Amino acid sequence: MFRKTEETKVLRDPIHGYIHIDYEVVWDCVNSRWFQRLRRIRQLGGAYMVYHTADHTRFAHSLGVYEIVRRMVTEVPDLANALDEREKVTVMLAGLLHDIGHGPYSHAFELVSPLKHEVYTCRIIEESEIRDILENAAEGLAKDVADVIRHTSKNPLLPQLVSAQLDADRMDYLLRDAYFTGTKYGEFDLERILRTLRTADEKLVIKESGVYAVENYIMARYHMYWQVYYHPVARSYERLMAMAFTRLKDLCRSGKEPQTVSELLLLGRNDELSLEEFFALDENACSYGFYLLSKADDPIMSDLSARLQNRNLFDYRENTPEEEEKVREALLHAGYNPAYYLARDAVNQSPYIPYNKESGTAIWVRMHGGTVKEISEASSIVKSLIRGPVLKDDRIYYPKEIRTMIGG
Ligand code: ZN
């Protein structure tokens, strides 16, 4: 039995109306310093440089994912009946904590960090005071929560609620990012999806009558990727940030560490951070660090930092061998070191990935007759979407200042 809070705690939220918390262990995690740190990590690293109101945080998103999972395990009858209380609390906590290991400016940070956020997430759950909160509530709970995130739970249903192809994480970030960027086509009918969710043979499935809502969700995701997450200006900001991180590392490792008091130096010195170092390295620390580094003696370091501060972003164009050569020559001619001023970035995105062993995930539909089919078999829209080529976008980024030298 898990202890309940005296009364249900409610937190206002623009996407869900209210977030409802009635377990003490969930409330204690929310009030821990590690969860509060997520107020200092934005949800959309570079995209907020394009969509100026999109500076919402991982704190709000994490609460939103928790709320969707909470609704799944209480409002979807198959789940409410099939899961016991411990499993319900475990998967709600996994929803709440799934992004707790995100570093500053997530994508830029991951470009220069050998450890992915999932690794920090599980370490924080199993090694920090979050672990004590979980273990005080129930023995073995920290491992159970981390197992959901690692997709190694005993009950295969649990990870599907948090991270698959139709899951609480994606549903919250799509709706939230659409709301805060103002892009209406990121919206879809969450209520309809929740109402038509069922389970069949340890799989989360959608009733056939929910297929339209899922088609809409897949299209929303597709549009959000190309219009928001992969916006070339957002990627320009992330590349610039990654270049600044790289320069800092190179300076620290060649004995020319800039004289600043910033936590940024921790990242410059080490590949792998201790949990305390990782805690200190939030976006406030980075932002102040880049302000200090904009005054550094090293001209590359100070220039990249000033560009970040003033949103003096890199220009971009399609990446071909000829274009890259042209840009490289112009950079050298103008005195820029291409190691820090020429970035490459290729992205691709499929609207839906059919089941394969590697991903292990799919969206399943329970047909009226009771058979279970993959969404690409049950929906002609999804079927035609996945037949098309995978959309790719491959670009190079460089300072605006060489624009006149390369034309176009
Ligand atoms: Zn997330």
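Buried here means under 20% relative accessible area, exposed means over 50%, and partly exposed is what falls in between (1.4 Å probe, protein chains only). These legends describe a predicted model, where local features need pLDDT of at least 70, side-chain atom pairs count only at pLDDT 80 or more, and totals for chains, interfaces and linings use all residues. Residues are numbered from 1 along each chain as its sequence is written, and side-chain values use heavy atoms, with hydrogens and water left out.

View 1. His61 (NE2), His98 (NE2), Asp99 (OD) and Asp169 (OD) hold the zinc ion from 2.1 to 2.3 Å. Donors are N, O and S atoms within 2.8 Å of the metal (3.2 Å for Na, K and Ca), and since water is not among the atoms, sites may look incomplete. Along the chain, the donors are spaced as H-x36-H-D-x69-D. His61 sits in helix α3 (residues 58-75) and Asp99 in the loop between α5 (85-97) and α6 (106-112), so this pair ties together parts that are 38 residues apart in sequence. Helices (H or I, at least four residues) and strands (E, at least two) are DSSP runs, numbered from the N terminus. With 0% relative accessibility, His61 counts as buried, and so does Asp99, at 5%. What makes the arrangement irregular? The four donor atoms subtend angles of 83 to 173° around the zinc ion. For four donors, tetrahedral asks that all angles lie between 85 and 135 degrees; four count as square planar and six as octahedral if opposite donors are over 155 degrees apart and all others between 65 and 115; anything else is irregular.

**View 2. The four-strand sheet.** This open sheet runs in the order β3-β4-β7-β8, with mixed pairing. Its edge strands, β3 (197-200) and β8 (372-374), each pair on one side only. The twist averages 45° from one strand to the next; axes are lines fitted to C-alpha atoms, for helices over the stretch in contact, and angles run from 0 to 180 degrees between N-to-C directions. Two strands pair if DSSP finds at least two bridges between them. β3 and β4 (residues 203-207) are antiparallel over four bridges, and Thr199 has Leu204 in β4 as its bridge partner. In the loop between β3 and β4 is Asp201, a residue other than glycine with a positive phi, near 50°. Asp201 counts as exposed at 68% relative accessibility.

View 3. Four bridges join β5 to β9 (residues 391-398), and Arg317 stands opposite Ile396 in β9.

**View 4. Leu97 in the largest nonpolar core.** Of the 139 residues in this core, Leu97 and Leu134 touch the most other members. A nonpolar core is a set of buried Ala, Val, Leu, Ile, Met, Phe, Trp, Tyr and Cys residues joined through side-chain atoms within 4.5 Å. Leaving aside neighbours within four places in sequence, Leu97 is in contact (heavy atoms within 4.5 Å) with residues including Cys29, Phe35, Ile125 and Leu134.
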